[in-house]
Amino acid sequence: MSSAALGKPAESQVRTERPETLRLPSGVAMPVDVVATAGNGVLGLPSDIDRAGWWDGGSGIGDSYGAMVLAAHVDSISEGIGPFAELLRARPGQRIRVAGSGSDSDQVFEIVSVRLAPRASLSADTAIFSVHQPLRLILITCAGPFDAGRGGYRDNLIVTADPVGDLRTTN
């Protein structure tokens, strides 16, 4: 009995990667950790305001479809204002770069929309997380009035960006 030959990926096949570095429009770079949603649908975030979290249920660098969701805290009582506070002034046309491991590949995105959404509605907004649309980058942070009684901001800021050009690899 002969064993089946194993196929190998075509030279032209793009290997997808998880984001490891996010470069905001100002040029500030943030390391990216892998995060997941809890059983109640809440997206976990790195506690350090200088780090972003990549939703492990989303798309990665090189994917053709779906949402690459990155989120971070806008600020914290102990650490002050974080890099994602810059997104409060984000405008369509600004560019964001997402890089994979060792900067072997990166993808540039251009902001197409910036909007506020009530925090309670985020998990119900299936369009944000949909895999049935072309690839897009979704950045999420807290915004709007701070509600001390609830212990946080009332809204989420949602920045949507589309890929610009092709995936760049240095291999």
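What is the mean pLDDT of the protein chain, and how many of its residues, as a percentage, reach 70 or more? Here are a few friendly notes, starting with that.

1. This is a predicted model. The mean pLDDT of the protein chain is 86, with 84% of residues at 70 or more. Among the elements, strand E1 (residues 21–23) has the highest mean pLDDT, 97, while helix H1 (residues 126–129) has the lowest, 78.

2. On the fold: the protein chain holds 10 strands and 1 helix. Reading from the N terminus, the order is β-β-β-β-β-β-β-β-α-β-β. Of the contacts between residues at least 6 apart in sequence, 58% link residues at least 24 apart.

3. On burial and surface: 37% of the 171 residues are buried. The chain exposes about 9,400 Å², and 52% of that comes from carbon and sulfur atoms.

4. Do look at the largest nonpolar core, which has 24 residues. Leu22, Leu70, Phe84, Leu87, Val98, Leu137 and Leu139 have the most contacts inside it. Strands giving two or more residues to this core include E2 (29–35), E4 (67–71), E7 (95–99), E8 (105–118) and E10 (152–169). A second, separate core has 9 residues, among them Ala71, Ile128, Ile138 and Ile140.

5. Val98 deserves a view of its own. Beyond its neighbours within four places in sequence, Val98 contacts Leu22, Leu70 and Leu137, among others. Its contacts also include Pro19, Thr21, Ile61 and Met68, as well as Ser105, Asp106, Gln107 and Phe109.

Terms used: Residues numbered from 1 in each chain as written. Predicted model: local features only at pLDDT ≥ 70, side-chain atom pairs only at ≥ 80, totals over all residues. Heavy atoms only, no water. Helix = DSSP H or I, 4+ residues; strand = E, 2+ residues; numbered from the N terminus. Buried < 20%, exposed > 50% of the residue type's maximum accessible area, 1.4 Å probe, protein only. Contact = heavy atoms within 4.5 Å. Areas by Shrake-Rupley, 256 points an atom, 1.4 Å probe, with all protein chains shown as cover. pLDDT = per-residue confidence, 0-100. Core = buried A, V, L, I, M, F, W, Y, C linked by side-chain atoms within 4.5 Å.
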